[in-house]
Amino acid sequence: MPIKIRSLYEGHGFLPHFIMGALWRVTGNIHTVGLINIMGFTGFLAVCHRLLRAPFYVVALIALTTPLVIIHSATSYIDLFCNSLLATGLCTLAFVYLYDKRESRVLFWVGVGGLVGAMWSKPQLGLMGAIGLVCYALVYRPWAAPAAVRTRRMFELAAVGVVAFGNNLKFKNMNQVEL
């Protein structure tokens, strides 16, 4: 592969490709790699229905009216998977903020996990994920928590930041490519 083309692929996240490889390895059929988009979209719908208490049919109908969701659900392109992770993180953040559910650790970890997964999937989602993590810090306000949980919350946010941005440094997602 020419060096100019190879350098374009060096910065891409590995999470969706790792999952696609695992699906291929487990089933032995290359056609199962297309399930990654269905898995991501189903995960988003499950989080909206189970954790956020949104009616399933409303979220599914609204999401499926977007033509690109329907188009990407039938391909092995990773865009729907990555955007489903980002949407999971941002919808969870909005739910926590609007309904004052800051005490729920499950909502925190599902939302932050969605944002970190999106950051690990596509370099283009790094900025949106970073903005989302800053918003999580502002919503959860670990510095204003009682002393008993302040240290734990600060450590959790610091660990999430290291995990999210460690991917960018280790796998060269922030590199500049010259053609």
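**Close-up views of the predicted model**

**View 1. Confidence along the chain.** The pLDDT falls below 50 over residues 173–179, a stretch with 15 contacts in the model beyond near neighbours in sequence; contact means heavy atoms within 4.5 Å. For the protein, the mean pLDDT is 83, with 86% of residues at 70 or more. The model is predicted, so local features need pLDDT of at least 70 and side-chain atom pairs count only at pLDDT 80 or more, whereas totals for chains, interfaces and linings use all residues. Residues are numbered from 1 along each chain as its sequence is written, and side-chain values use heavy atoms, leaving out hydrogens and water.

**View 2. The largest nonpolar core.** This core (buried Ala, Val, Leu, Ile, Met, Phe, Trp, Tyr and Cys residues joined through side-chain atoms within 4.5 Å) has 37 residues, of which Val112, Leu133, Tyr136 and Tyr140 touch the most other members. H6 gives the largest share, eight residues.

**View 3. Surroundings of Leu133.** Apart from neighbours within four places in sequence, Leu133 contacts Val112, Leu115, Met119, Val160, Ala164 and Phe165.

**View 4. Helix H8.** Buried residues (under 20% relative accessible area, 1.4 Å probe, protein chains only) of H8 include Gly126, Gly129, Leu133, Tyr136 and Tyr140. Arg141, which follows H8, has a positive phi near 40 degrees.

Notes. pLDDT = per-residue confidence, 0-100. Buried < 20%, exposed > 50% of the residue type's maximum accessible area, 1.4 Å probe, protein only. Helix = DSSP H or I, 4+ residues; strand = E, 2+ residues; numbered from the N terminus.
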